[in-house]
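Let's take a walk through this one, starting with a strand and finishing with the open spaces. Keep the viewer handy.

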Amino acid sequence: MKIGISCYPTIGGSGAVATELGKALASRGHEVHFIVTDVPFRLGTFIEHVYIHEIDTATYPVLRTPPYDFSLAALMAKVVDDYELDVLHAHYALPFAVCAFLAKEMASRDVKVVTTLHGTDVTVLAQDSSLKQVMKLGIERSDAVTAVSRSLIEQTVELFQTEKPIECVYNFIDTDVFVPKVGQRVRRSLAKPGERVLLHISNFRPVKRICDVIDIFAQVRQSIEARLVLVGEGPDLSRARDRVHDLGLNPYVDFLGKQDEVAPLVAAADILLLPSEKESFGLVALEAMACGIPVIGSTAGGIPEVVVHGETGFLSEIGDTDSMAAHTLRLLEDKELYARIAKQARERAQKSFYIGDKVGEYEAIYRRVCGMV
Ligand code: GMT
């Protein structure tokens with residue numbers, strides 16, 4: 001099939017999922033066209049069957065802001081016609097689902113639109129009434145809509161009061177890339193022998209509760225030698241730096257900034273911290289599990305669908321940093337418990353979130369909307 005994919009190219013779970021999906025589809029012989037503002041961060045070098053179309057936004061003195069969304073929709077329509085696309089897959093409702101709807105109206109071919117809801121498109125942006133209606137249009141006019149967890153489906157149905165069927169296709173992981181122990185060399189450069197490594201990776205937005213990450217670490221360090229490794233950047237980065245400074249933790253915390261290739265870093269850690277306020281899925285939790293790293297997190301959104309409490313990590317109420325710190329210490333002080341959770345985490349990642357299965361689920365949806373079944 002010929003599939004167009006639009007996503008945010010910058011660091012973030014939705015872009016990572018869309019890019020990995022595109023690469024996997026191309027490896028299965030599909031022709032994949034990324035229609036984007038920039039080359040997606042995980043795309044890497046040349047890949048057979050993959051094409052990239054970058055948006056060129058019009059500027060003109062009378063325009064207060066460049067009409068990016070219209071340029072995107074126009075480019076989508078052009079790629080649909082020029083390359084005879086069967087499907088446009090929009091990752092993140094705003095603006096991609098709406099632009100895909102416009103492109104479908106403009107194109108000469110009957111292209112089908114599949115929209116995948118990733119999280120804050122629904123849980124944050126749709127709280128704004130001026131955006132909610134336009135998102136509802138994008139969702140309801142899609143030929144198929146998927147969401148990355150059951151929790152996100154429930155929230156979408158409730159918020160939009162929509163009867164549009166929404167299918168759950170969980171995020172997936174390549175367990176040949178996210179492998180236990182590939183981080184041993186990285187670990188030696190991050191921590192001294194005997195020091196335990198706690199890791200958090202995110203886009204440092206308020207929903208990630210970065211100060212909770214630091215508070216959990218502060219409590220853990222009162223009992224054991226440990227370091228905190230923070231990967232990523234975003235609006236709460238300076239708050240995080242201030243908190244670390246105020247708690248006198250500077251010597252024990254590393255801010256690594258944005259990193260493209262996180263597998264060796266994840267595998268170098270002992271614990272992944274994800275205390276989010278909102279989290280539709282938590283791709284990083286799955287990445288950690290695949291590396292055999294237990295997850296300590298909150299029960300927000302779809303996290304419990306990924307991390308099974310007591311089996312692949314431990315979950316606590318949002319904001320309960322005492323409980324999260326206690327779970328972390330228990331895991332780090334009980335070798336047998338740690339080994340059991342680590343093993344179960346890897347097994348769950350392999351069994352329930354296998355890349356081949358999830359890509360197959362998307363292919364089945366494409367075939368169905370195109371009437372190929
Ligand atoms: O919705 C967002 O916050 C953006 C998005 C991203 O691009 O990072 O993250 C969401 O999509 C990921 C991939 O499906 C999920 O793993 C994240 O849980 C989700 N983030 C939130 O719900 C906060």
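This is a predicted model: local features need pLDDT of at least 70, side-chain atom pairs count only at pLDDT 80 or more; totals for chains, interfaces and linings use all residues.

Residues are numbered from 1 along each chain as its sequence is written, and side-chain values use heavy atoms, with hydrogens and water left out.

Start at strand 9, residues 226–231; helices (H or I, at least four residues) and strands (E, at least two) are DSSP runs, numbered from the N terminus. Six of its six residues are buried, meaning under 20% relative accessible area with a 1.4 Å probe and protein chains only. A226, L228 and L230 point one way, while R227, V229 and V231 point the other.

Who sits alongside? Strand 8 (residues 196–201) pairs with strand 9 in the parallel sense over six bridges, where pairing takes at least two DSSP bridges. R196 has A226 as its bridge partner. On the strand 10 (residues 253–257) side, the pairing with strand 9 is also parallel, over four bridges, and V231 stands opposite G257. The chain gets from strand 9 to strand 10 through helix 9 (residues 237–246), in a right-handed β-α-β crossover: with the strands pointing away from the viewer, the path from the first strand over the helix to the second runs clockwise.

Now look between the domains. Domain 1 (2–172 + 354–369) and domain 2 (184–352) both give residues to the lining of the largest pocket, so this pocket lies between them; the domain bounds come from an automatic or database assignment.

Technical notes. Buried means under 20% relative accessible area, exposed over 50%, partly exposed in between (1.4 Å probe, protein chains only).
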